[in-house]
Amino acid sequence: MTVSERIEQLKSEALSAVASGASTADLEDIRVRFLGRSAELTEIKKSIGTLSPDERKEIGRSSNLASREIEAALGSRAEEVAAREQEERLQAEAADVTLPGVPFPRGHLHPSQIVIDDVIDFFVGLGYRVAEGPEVETDYYNFTALGIPPGHPARTMQDTFFVDDGLVLRTQTSPMQIRTMLAQEPPVYVVCPGRTYRRDSDPTHTPMFHQIEGLAVDRGLTLGHLKGTLGAMARHVFGEGVEIRVRPSYFQFTEPSVEMDVSCFVCGGRDPHCKVCKGAGWLEMLGAGMVDPGVLEEVGYDPEEYTGYAFGMGPDRMAMVKYGVPDLRLFFEGDLRFLRQF
Amino acid sequence: MRVPLSWLHEYLDFDLRADELVDLFSLRSQEIDGVYRLGVIEGEVVIGEVVEFGPHPNADRLFVAKVDLGGREVQIVAGAQNPRPGVRVPVVLPGSVMSDGTTLKKAKLRGLESYGMMMSERELGISADHGGILLLDDSHEVGRPVAEYFPVGETVLDIDVTPNRPDLWGMIGVARELAAILKTEYRIPEPSFATGGKPTRDFGLRVEAEDLCPRYDLRRISDLEPGQVAPLWMRRRIYAGGMRPINAIVDATNYVMLETGQPIHAFDAVRVREGIVVRRGRTREKITLLDGSTRVLDEEVLVIADEERGLVIAGLMGAEDAEVGEETTDALIEVATFEGRNILQTSQKLGLRTDASGRFERGLDPNMVAYAMDRVSALLTQAPGGRSADDTLSHYPEPVEPWRVPLRLGRAELLLGMPVQMEEAVERLEALGCEVEREDGELWATVPTFRRDLRREADLVEEVGRLIGLDRVPETLPAVPQTGGLTEGQQRTRLLRRLLADLGLSEAITYPFGPERWTEDLGLEDGTVRLENPLSAEGGHLRTSILPGLLDATARNRAFGARGGALFEVGNVFFADVPQDELREAALRFRMTGERGVQEAGRLMGVREVSRIGVVLGGTVRPAGWNVPEVRAGFFEAKGLVERLVPGARFVPATRPYLHPGRSAAVLAGDKEAGWVGELHPEVAGRFGLDGWPVAALELDTALCQPAPEPRFEPFVNVPAVARDLAVLVEERIPVGDMLRSVRDLPGQLLTEVRVFDVYAGSPVPPGQKSVAFGFTFQGGKTLTDEEVDAEVWRVLSRLEDEFGVRVRS
């Protein structure tokens, strides 16, 4: 067999080995066997120097060609094998994707706070500021300054917790109206959220509950502005479709006084058996009115120059209605079965 | 105020269904609390005459009647045994609907057909009497509908009268109001009565407590037949109005109260000695009331007495002594006005509230007295016998006159935000009883004295607005001339709450008052603010810490089967801050009048409130997953939260009585103490029902938290960082935090990050020592060589050797 024939033979042996090489490791072995330092083809190349010039040229060319061909086959085969191997590896790594992920558990905000934040965001968007005040309040701020002097019958309407001479747990957030107006000149646009207290306990009354008080005093404010503001708020909280209506009412610190109802956001008044509005079509939502001139005078504002409106709402009750909670007492028990639903 | 619609129809004509009336009244006047039905709502009730009456053959407690309904005879099974042959009874026919909504059907009772039902007073809505069938006298014609004599069914509106409208505590006031809403006329009974009775002046009248009694009128009605029952129509209305019929005299007074809103009292003249004295109570004076209770009076209680003894606690309730009764033939009728606040105070003091006191406490119109007196005289003299005295004793030294209130239309339009026509305003005010004059585009209303709530222009604006209809006010938004926003503190609180919720905690809101044991069980000193009138002994102390409420909630959650949980709450805590003695008077003045003089308000409040954030982790805070271990409540879990809430906080071992002495720390933010963090002392855990549960907690001043510190850019370089680890041995008592701080404080070094990744004590570490493994990251302006990094590690190590005596762990 001539050297050239041998080269051909080696080449075809190598190519067939490459073609059947099954793994990256196999292919590496094949490389060493046919192209390695001590491979026969390499030996042949090394011995070229000992050959005649004609043979040298012939053998040199054919051996290089063979090497290159084997190299190329190895390369493409290696790619194939690597791709398959990767495929197999990925197959082997397959997970049960239905198993739960690593937990990043979410916590929960209190439903009343969710409503309070929502209402506050609405009013902040309109240009209101937010004021907060003490929960232990003076008799003057909680009652007298709001037109409820000692002995006034309205005091019996609000079962009050007494703390000390002249100190009560505030029965409403309305004292913040007074505190706010005493601290600044008009215009006033402010909302005051907070805890309030009345000595009462049954499924719809807890001794602590929340209120959000709102107050606006400026030149030219009307009942229409109050209605517009509350209507927009109701649509923000309960959805675009809801309507409001106001009915006459009575509060010491507003005149005229109104109560506002929101049309039932569940049935729109069309379901006589609606669980939310009990078929009434309307949900009582809040009390409001034009700030009583006596209150404006009390804080040194001129009622001829300024008018204003005030409103007070119960975010707990709003949350009850919005989320369908039947019992107010659940709000204040710290029960995880309740809190985790919000 | 309960308003029977058949009664209302007597005063004005209207054609509205009950639900329409409810809507209209709600939108123009007062809220309606409910609509009640009495008697027979729909169907036929006819007068029958009992022909036969006897026991039911198959039942011990039933009877059978044959009843003539005027031309036809029916058989009716009855439960009552009072009918006798010959009596006339109301019979409701099958197919009629009763007040509870049921439809009466022909029935077979124990084998006998029963056609309809003979009715008791209760079933007809006349009274609560269900003791037997109502027997009608011969004036009721057999076969005719009962409704020709009196209504057999009634619809009653329950009006939730606001406290400024005592005029609506009577039917006449309600009729006037509805007439004003409907723009129609109303009519009231013209009282006329027989006079010539015994003179009132046989008795005296002396009003000693004039300040508490603006008006007191007394009239004698004599020659009454004893033992009379009020006529059926009157009893029926009294019952529908929510009261109980008693006897002819009392019923007449109650009827006029329901009619006018004016309470009236009747004395048996025989028992009144010499005359009526209106006076304050005497110290320790006792009076035994109709309800059998004996009350101890004082000088703030107004008493109606005779010359010898107290007869009535004014406006509230009479004593048994001088009340009218079955045998009364001669009555003294009191119609009076008392000072409302005094009645309210007495009512609260005695814990006694009556239909009368509820009206008096709102402050009644003294000018209503005369009409009410005439009305009750008319009703009592319609009873067999009764004759009114020709004279009335009256104490009314300062008659109340109507007053004038201006109304500018422009002002009304400004407040209401809608146009108001002059004619409309005039018409509406006149409908309410005002006399209206026009002067230069202004209106002047002369307000009737029964509308004591209409004093100022704004009051009239409200009346005009609500009667026109507040639904006609358009919705508009004001142009707010300022930017809105949350203050820094408000944003902080909101971020804190959101951060903790995002970290997996649940926000609780708990009552800030609790039992005394809260402080005791926590081992705290008593500095609590107390409530004078808690709902129960369990809620008499204001919290000084968020902790106990959250612990109670945690224990409750455990009791309900929770394996653990993480709660937080943001809220105020309260500390007694009693003003010094010399400031006590100023404090009281400030609290009652808002006057603080030169003092700071804070010093006069007496209570200091601080906003705190509290967290309680209990039990298994997060259960194990298939690929993650469980997280249980522990010091470091709580501390991790503090590190998020107060970045850069320092932790100093410091103990509190309710915390584990070795696993708790004070939290310092800069040089201020922001709060504490720690595991709960096992004994305290036990007291709160948390035995055997790991509990860790923290409480921080909200104002000192910094959940979202202001970012500040630090330049960085694009060269590789080099990581090196170093384990050292050090005495066990040395705080690792001190070592970390010391390393971080090394000046001018290339160290960019240091963390602790292992702390270990026990073999093979020598006793009394621990191994601490640090991981360092170094970075410089250029790629660091090994030599440079070695030098930095050596510098760190020498610092640790010098300050803490560490040795490199081999």
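This is a predicted model: local features need pLDDT of at least 70, side-chain atom pairs count only at pLDDT 80 or more; totals for chains, interfaces and linings use all residues.

In chain A, helix H5 (residues 111–126) packs against helix H11 (residues 315–323) at an angle of about 105°, and their axes are 8 Å apart. Angles of 65 to 115 degrees count as roughly perpendicular, so H5(A) and H11(A) are roughly perpendicular to each other. The table shows who takes part.

| Helix | Residues in the contact |
|---|---|
| H5(A) | A:Pro111, A:Ser112, A:Ile114, A:Val115, A:Ile116, A:Val119 |
| H11(A) | A:Pro315, A:Asp316, A:Met318, A:Ala319, A:Lys322, A:Tyr323 |

Sorted by class, this helix contact has 9 nonpolar, 1 polar and 2 charged residues.

Now over to chain B. B:Phe568 sits in strand E29 (residues 564–576) of that chain. Is B:Phe568 buried or exposed? A residue counts as buried if 20 or more other C-beta atoms lie within 10 Å of its own; B:Phe568 has 26, so B:Phe568 is buried. Leaving out residues up to four places away in sequence, its contacts include B:Leu500, B:Leu505, B:Ile613 and B:Val615. B:Ile509 is 59 residues away from B:Phe568 in sequence, yet their C-alpha atoms are 8.4 Å apart in space.

Finally, the two chains meet: 82 residues from chain A and 86 residues from chain B make the contact. On the chain B side, 39 of the residues are nonpolar, 27 polar and 20 charged.

Technical notes: Residues are numbered from 1 along each chain as its sequence is written. Chains are lettered from A and ligands numbered from 1 in the order in which they are written. Two residues are in contact if their C-beta atoms, placed from the backbone, lie within 7 Å. Ala, Val, Leu, Ile, Met, Phe, Trp, Tyr, Cys and Pro count as nonpolar, Asp, Glu, Lys and Arg as charged, and the others, Gly among them, as polar. Helices (H or I, at least four residues) and strands (E, at least two) are DSSP runs, numbered from the N terminus. A residue is buried if 20 or more other C-beta atoms lie within 10 Å of its own, exposed if 12 or fewer, and partly exposed in between; C-beta atoms are placed from the backbone. Axes are lines fitted to C-alpha atoms, for helices over the stretch in contact, and angles run from 0 to 180 degrees between N-to-C directions. Angles under 35 degrees count as roughly parallel, over 145 as roughly antiparallel, 65 to 115 as roughly perpendicular and the rest as oblique.
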